[in-house]
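Subject: Structure handover

Hello,

Here is the structure for you to look through. My notes on what was found follow below it.

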Amino acid sequence: RMNAHTREPFHIRILKGLLGIIWSIDWPLMVIVLILSAWGFVALYSAGYSFPWRIDGQIRNLAAAGAAMMLFATMPLKWTRNLAAPAYVVGLVLLVATLLFGVIRIQPSEIMKLATPLLIAWYFQLRLTAQEGVLKWWDYLVAFVMLALPVALILKQPDLGTSILVLASGFAVIFFAGLSWKFLLLMFSGVLVALPIVWNSLYDYQRQRVLTLLDPSSDPLGAGFHTLQAIIAIGSGGMTGKGWMNGTQAHLDFIPERTSDFLFAVFSEEFGFFGDICLLGLYTLLIMRALYIASVANTVFERLLACAIATIFLIYSFVNMGMVSGILPVVGVPLPFMSYGGTALLILGICCGLLMKISAQRRIKVSLYGDDYRS
């Protein structure tokens, strides 16, 4: 016998599917991401007009990120939870393979930006369910081990920028799960004590980046070249900028990596201080929206995951703008939704899709139980 669903006309089923997709979209988040992506593409077009293959590539990257965002926005969160452990294990295996056999086509370090906080959030949800809502000290220890493994492997590549992002996203889950302030103080003291050891363990080029940060002019044609040219571009933009396609530092090839890591320098030169303020406002709204979604999420897993994604947005934007402005060392972190990139943009699209799914789950609960329900 045919059930009621199969008797529905095909166009009715298509319409219901489209309505389901529209329902899953968190429109404030979508508008912010669309503005950032569009503004970023405008800046990237100016920065990369002399090599149009980058512009064509970014169109494909944005399309792939948008498709991934809608896929995860409509995919059940149960599937996402089930993907946490396999994605983490596959990422670790690929990281080990990269160290042993060299470069591979996939960037496993990018996968770990999301797989690590996913696994830790899943683990905490599992332990809270098993222990009646209370985490023990060894649960935090296990989480730190889960975090330390990919961070150590990524540092071995070496990739300081990505390791910082993985560390921040994973630590955000541990912190928002209720990590004691006393432990945080103890850990911070330990970090201070370990700084000399960390400094000695850095590669020569990494130490040079830190020293150049303190005085870029000490090596103006070497390690300080990127920072000095970016600062010149930002300063020459003034209050209102030189106008789109009129940036001299970019168009005269003084800014290296101007379509990726240093796109913010091109943006600042052409749109000026007021443009930078608007861009900072958009990133602030993006992070606040992610935190709001975390605050109204239904489960511990959803809350911790949304907090981790908010941290990813924060670290991406802060580190990129900081290194381009000369207040942080150059570590190779793209500007979210704006810089040229494939895997990084795809991960950001997945992050937005997960936020939209968490938001949609909340709206479903409210529609069923009212505004005053308690999860």
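In which hand, left or right, does helix 3 pass helix 13? The crossing is left-handed. Before the rest, please keep in mind that this is a predicted model.

Helix packing

Two packed helices are described by the angle between their axes and the distance between the axes.

Helix 3 covers residues 27–47 and helix 13 covers residues 263–295; their axes lie 10 Å apart, at an angle of about 165°. Angles over 145 degrees count as roughly antiparallel, and that makes helix 3 roughly antiparallel to helix 13. Sorted by class, the contact of helix 3 with helix 13 has 21 nonpolar, 3 polar and 2 charged residues.

Next come helix 5 (residues 77–101) and helix 7, which pack with their axes 9 Å apart and an angle of about 30° between them. Angles under 35 degrees count as roughly parallel, and helix 5 and helix 7 are therefore roughly parallel to each other. The crossing of helix 5 past helix 7 is left-handed. On the helix 5 side the contact is made by Tyr88, Leu92, Leu95, Val96 and Leu99, and on the helix 7 side by Val145, Met146, Leu149, Pro150, Leu153 and Ile154. By class this contact has 11 nonpolar residues, with no polar and no charged ones.

The last pair is helix 6 (residues 108–130) and helix 8. Their axes are 9 Å apart and the packing angle is about 15°, so helix 6 and helix 8 are roughly parallel to each other. Helix 6 and helix 8 cross in a right-handed way. Helix 6 brings Ser109, Glu110, Met112, Lys113, Thr116, Pro117, Ile120, Ala121 and Phe124 to the contact, where they meet Thr162, Leu165, Val166, Ser169, Gly170, Val173 and Ile174 of helix 8. The classes here are 9 nonpolar, 5 polar and 2 charged residues.

The largest pocket

The largest pocket has a volume of about 1400 Å³. Two or more lining residues come from each of helix 7 (137–155), helix 8 (160–176), helix 9 (181–201), helix 10 (204–214) and helix 14 (300–325). Helix 9 gives the largest share of the lining, 8 residues. The lining has 33 residues, and those nearest the centre of the pocket are Leu160, Ile164, Leu167, Val191 and Val198. By class, the pocket lining has 28 nonpolar, 3 polar and 2 charged residues.

The cavity

How many cavities of 30 Å³ or more does the structure hold? There is 1, and the volume of the largest cavity is about 50 Å³. To find the cavity in the viewer, select the residues that line it: Pro334, Leu335, Pro336, Phe337, Ser339, Tyr340, Gly341, Ala344, Leu345 and Leu348. Of these lining residues, 8 are nonpolar, 2 are polar and none is charged.

Regards

Definitions and conventions. Residues numbered from 1 in each chain as written. Predicted model: local features only at pLDDT ≥ 70, side-chain atom pairs only at ≥ 80, totals over all residues. Heavy atoms only, no water. 1 Å grid on protein atoms, 1.4 Å probe; cavity = no way out; pocket = protein on both sides within 12 Å on 5 of 7 lines; lining within 4 Å. Points joined across faces, edges and corners; volume = space filled by probe spheres on them. Nonpolar A, V, L, I, M, F, W, Y, C, P; charged D, E, K, R; others polar. Helix = DSSP H or I, 4+ residues; strand = E, 2+ residues; numbered from the N terminus. Axes fitted to C-alpha atoms, helices over the stretch in contact; angles between N-to-C directions. Parallel < 35°, antiparallel > 145°, perpendicular 65-115°, else oblique. Left-handed = near helix turned anticlockwise from the far one by under 90°. Contact = heavy atoms within 4.5 Å.
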